[in-house]
Amino acid sequence: MDLLNAIFVKPFADMVAAPDFLLQVLWEGLVAGVLYALIALGFVLIYKSSRIFNFAQGIMVVFAALTLIGFHEHGVPALLAVPLTLAVMFILAVAIERVVLRPLVNQPDIILFMATIGITLFLIGFGEIIFGGENKVMITEELLIPTGSYTFEPFGGFVSIEQKDLTAVVGAVVLVVVLLVFLNRSKMGRAIRALGDDHQAALSVGISLSTIWVLVWFIAGVIALATGIVWGARAGVSFALEVIAYKALPVLMLGGLESVSGAIIGGIAIGVLEKLFEIYWGQPLLGGNTETWFAFVLALIVLLFRPQGLFGERIIERV
Amino acid sequence: MLYRTAGQFKTSYRADHALFPVRQDAWLLAFILLLAFVVFPMTANEFVFRALLTPVLIYALAALGLNILTGYAGQLSLGTGAFMGVGAYACYKLVTIFPDLNLIVAIMLSGFFSAAIGVAFGLPSLRIKGFYLAIATLAAQFFLVWLFEKWAWLYNYNSSGSIQVPTISVFGHPVAGPNATAIVQYYVVLVIVAVITWLAINITRGRIGRMWKAVRDMDIAAELVGINLMKAKLSAFAVSSYIVGVAGALFVFLWRGAAEPVAFDIPLSFRVLFIAIIGGLGSVLGNYLGAILIVALPVIISTLPASVGLPLSSAMVEHLNTMIIGALIILFLIVEPHGLARFWAIIREKLIMWPFPH
């Protein structure tokens, strides 16, 4: 009876008793969710255009952030370091397309997936040799990101919202809108989507596979840089950050591998729900740290009912 | 020349489907077994046992388990490390609850626990396919490692939170724990690995193995010709997790001697997956070739610079190691996506034909 009470009654009673705390938890979850959504977006873009499950997105986040900090450490002004980092990400995209993807065209999905794990390992080793393994502080102020915090007092309580989190959310929204417009309105964007639908048909109407792949990996690099700045501002930049890539995977399952809007909604849903679960159920009942698996188990349960994710394309199978 | 098959006539279907239709294959295997059972133990020292021979066998066994699931039944799994952990923790509990139990029996029994957990986490495979399933197995990976950390009963409430292998003797010889000698451990591992490999080869050649291959190649078609998908997929998960669990128990009890939950985290899963893929999906031999490559490479990379007079710091060596392994994985995938086993198959084919090109 006590257990049932602790599962079904007490958490909700706690939520009602302290609505300001609940709001704070929801906000934290939302910010985390936006970051998950950004990483998932990088995955979705590459998957849509090339059917490659890009495991390297997480390390690209770290690599982009470290490159940015590295440029700044060598005396490059912060606002100049951003375009320089983007140039590095572009070179990386070209290199990946030339060296890894082009020879592997037409191989089974799992081979390409393994190749991206190979890229991940390579970038980890390469990055650690260049930048060293220690945790670095993101150059938040130099990038003109406000660092104060707003406080509200709803319901007679206290909620604090950090300005950099707010910047992150606004920045992510802008990025996503730009991306959606680009994908749906521009010629290049339509070419990306065409390639996602059918490689051979796209090739036969004159869409260049290698150009689009470089473009897509570059966009994924841009998203990685944005994610790296935002996440780095919250928690510093180190190779441990690579594990957040795993957080994007259940988001992908939930949202569907091909859906941009699914990635965003799934990311936010998982960010909020896992925070709520951790605070109200995980810590009192299970000893905490449930964030490592909650999202996966949630996604697994959803998938049992909708195998293509909430927003994925319907799977039609033929023999 | 060496592989001339002339004169080896098959007069029945049985002979044609024998395990070694070509006599030279049997000789080659006998030679390798001779090396493994007699020559290596006589020549190797403690370091070679601990750093090369035993880990190669254990990783090859784990990769064999994964290969049955991914290479034969076509179900991609990223949770191998956690299933190895289940085997290790089950074996630890068995050994501490029943101290009189023979260690080898305990290791063989612990596989059943991971098989049960594997079937439970394999249930989603009935609905989910491809990468969605791979991510679903990651749920097992993260949940189980979390459980190893939080469920104190699993490690007998000791303060370090890790499992320490006590000294265990079998027939009067210390086999596990600090007093065991490397050569005894090597022999135990070798025998277990050899027996399981032999069983696995025969399972994959038989009715069940063909069922798995049909499901891998196209599951709907397999269903239409009357294969029970549920039975095929879940049996693949069970057999695979059993082997992986035994490998996990060997990993801790006969090699590492102690393990904390982090040891079973996702890098272990990926390492086993690398071995299976570089070795070759859907082959038994490939697991051994892949394991030799992945285990020997770090040893070579760490000893090579010192031997040619290039002193490198240990951190540098580690980073170089990660980088080179990443690059090699890409290289191998580009040169031969079907793995080292395919290389061997091509060489063998050439040797049989030699000196004629076709």
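This is a conversation about how terms are applied to a predicted model.

Mentor: Residues are numbered from 1 along each chain as its sequence is written, and chains are lettered from A in the order in which they are written. Because the model is predicted, local features need pLDDT of at least 70 and side-chain atom pairs count only at pLDDT 80 or more, while totals for chains, interfaces and linings use all residues.

Trainee: What makes chain A as compact as a globular protein of its length?

Mentor: The radius of gyration, taken over C-alpha atoms, is set against the globule rule, 2.2 Å times the number of residues to the power 0.38. For the 319 residues of chain A the rule gives 20 Å and the model has 21 Å, which is close, so chain A is as compact as a globular protein of that length.

Trainee: How many helices and strands does chain A have?

Mentor: Chain A has twelve helices and two strands, where helices (H or I, at least four residues) and strands (E, at least two) are DSSP runs numbered from the N terminus.

Trainee: Why are α4(B) and α11(B) called roughly perpendicular?

Mentor: Helix α4 (residues 80-97) and helix α11 (residues 266-279) of chain B pack at about 110°, with their axes 6 Å apart; axes are lines fitted to C-alpha atoms, for helices over the stretch in contact, and angles run from 0 to 180 degrees between N-to-C directions. Angles under 35 degrees count as roughly parallel, over 145 as roughly antiparallel, 65 to 115 as roughly perpendicular and the rest as oblique, and α4(B) and α11(B) are therefore roughly perpendicular.

Trainee: Which residues of α4(B) meet α11(B)?

Mentor: Thr80(B), Gly81(B) and Met84(B) do, against residues of α11(B) including Ile266(B) and Leu268(B); a contact has C-beta atoms, placed from the backbone, within 7 Å.

Trainee: How many residues does each chain give to the contact between chains A and B?

Mentor: Chain A gives 39 residues and chain B gives 33, and on the side of chain A α5(A) gives the most, with 15 residues.

Trainee: What makes a set of residues a nonpolar core?

Mentor: Such a core is a set of buried Ala, Val, Leu, Ile, Met, Phe, Trp, Tyr and Cys residues joined through C-beta atoms within 7 Å, and a residue is buried if 20 or more other C-beta atoms lie within 10 Å of its own, exposed if 12 or fewer, and partly exposed in between. The largest core has 212 residues, and Leu250(B) is one of those that touch the most other members. Helix α10 (residues 229-256) of chain B gives the largest share, 17 residues.

Notes: Contact = placed C-beta atoms within 7 Å.
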